[in-house]
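Here are my notes from a look through the model you sent.

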Amino acid sequence: SHNALVRVVMRGSPEKVASVGHEWDRVGKTLDDRADCMERALTALSGSWRGVAFDQYRTMVVDIIAASRLLARTSQELRDLIYANSEVLAKAQSLIAALPPDDDGTTTTSLSGDWGVARVTTSSGPVTVDVTPGGS
């Protein structure tokens, strides 16, 4: 029901959602820092070690560095998605809190962003959700 949806949204905490984003940011930065350290160590080691064994070692370390950088980028993408969800939750809470019932007894809530527009309409019956893709 619409009331259940409103209760779920209003119980949410945009700050707690954003704090999860902060953790993913920390993970991404840590992975980048570790990759930088491995690159510096590999460069330093290349001055004193030559041969087939070093070539194989370098190949392995370069792969680990690339994987670390990929994980760092993925962590930052997750951070950005989580921050966006925190903002959407805050906006939904603000809209719901300020929303008076319509004259016909229904309540319509619209949320919009770069992802599109969502309209939630309810009366005494079931909730109707209309999502339009694209910008606001």
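**Notes on the model**

1. First, the crossing. Helix 2 and helix 3 cross in a left-handed way. Keep in mind that this is a predicted model.

2. On the geometry of that packing: helix 2 covers residues 14-46 and helix 3 covers residues 52-98, and the two pack at an angle of about 165 degrees with their axes 8 Å apart. That angle makes helix 2 roughly antiparallel to helix 3, since anything over 145 degrees gets that label. As for what lines the contact, its residues divide into 24 nonpolar, ten polar and eight charged.

3. Stepping back to the whole chain, you have three helices and three strands. Reading from the N terminus, the order is α-α-α-β-β-β. Of the 136 residues, 27% count as buried.

4. Now the charged side chains. How many salt bridges does a search of the whole structure find? It finds nine. One of them joins D32 to R69, with the closest N and O atoms 3.0 Å apart. D32 sits in helix 2 and R69 in helix 3, so this pair links distant parts of the chain, 37 residues apart. Are these two partners buried or exposed? Both D32 and R69 are buried.

5. D32 has another partner to look at. R73 also forms a salt bridge with D32, and here the closest N and O atoms are 2.4 Å apart. Because R73 lies in helix 3 and D32 in helix 2, the pair ties together parts that are 41 residues apart in sequence. The accessibility values for this pair fall in two classes: R73 counts as partly exposed at 35% relative accessibility, whereas D32 counts as buried at 14%, the cut-off for buried being under 20%.

6. A salt bridge between sequence neighbours is worth a look too. D80 pairs with R79, the closest N and O atoms being 2.8 Å apart. D80 counts as partly exposed at 42% relative accessibility, while R79 counts as buried at 17%.

7. On to the aromatics. The structure holds two aromatic pairs. In one of them, the ring centres of W49 and Y57 are 5.4 Å apart and the planes meet at 40 degrees, so the pair is tilted. The reasoning is simple: planes under 30 degrees apart would be called stacked and those over 60 edge-to-face, so 40 degrees falls in the tilted class. W49 is partly exposed at 29% relative accessibility, and Y57 is partly exposed as well, at 32%.

8. Which residues make up the aromatic cluster? W49, F54 and Y57 form one cluster together. F54 lies in helix 3 and counts as buried, at 2% relative accessibility. If you want a distance to check in the viewer, F54 and L42 are twelve residues apart in sequence and 9.8 Å apart in space, C-alpha to C-alpha.

9. Two further spots in helix 3 are handy for orientation. L78 is found in helix 3 and is partly exposed, with 31% relative accessibility. L78 and W24 are 54 residues apart in sequence, yet 6.8 Å apart in space, C-alpha to C-alpha.

10. The other spot is A84, also a helix 3 residue. A84 is partly exposed, with a relative accessible area of 37%.

How values were computed
Residues numbered from 1 in each chain as written. Predicted model: local features only at pLDDT ≥ 70, side-chain atom pairs only at ≥ 80, totals over all residues. Heavy atoms only, no water. Axes fitted to C-alpha atoms, helices over the stretch in contact; angles between N-to-C directions. Helix = DSSP H or I, 4+ residues; strand = E, 2+ residues; numbered from the N terminus. Parallel < 35°, antiparallel > 145°, perpendicular 65-115°, else oblique. Left-handed = near helix turned anticlockwise from the far one by under 90°. Nonpolar A, V, L, I, M, F, W, Y, C, P; charged D, E, K, R; others polar. Phe/Tyr/Trp six-rings, centres within 6.5 Å; stacked < 30°, edge-to-face > 60°. Buried < 20%, exposed > 50% of the residue type's maximum accessible area, 1.4 Å probe, protein only. Salt bridge = Lys/Arg side-chain N within 4 Å of Asp/Glu carboxyl O.
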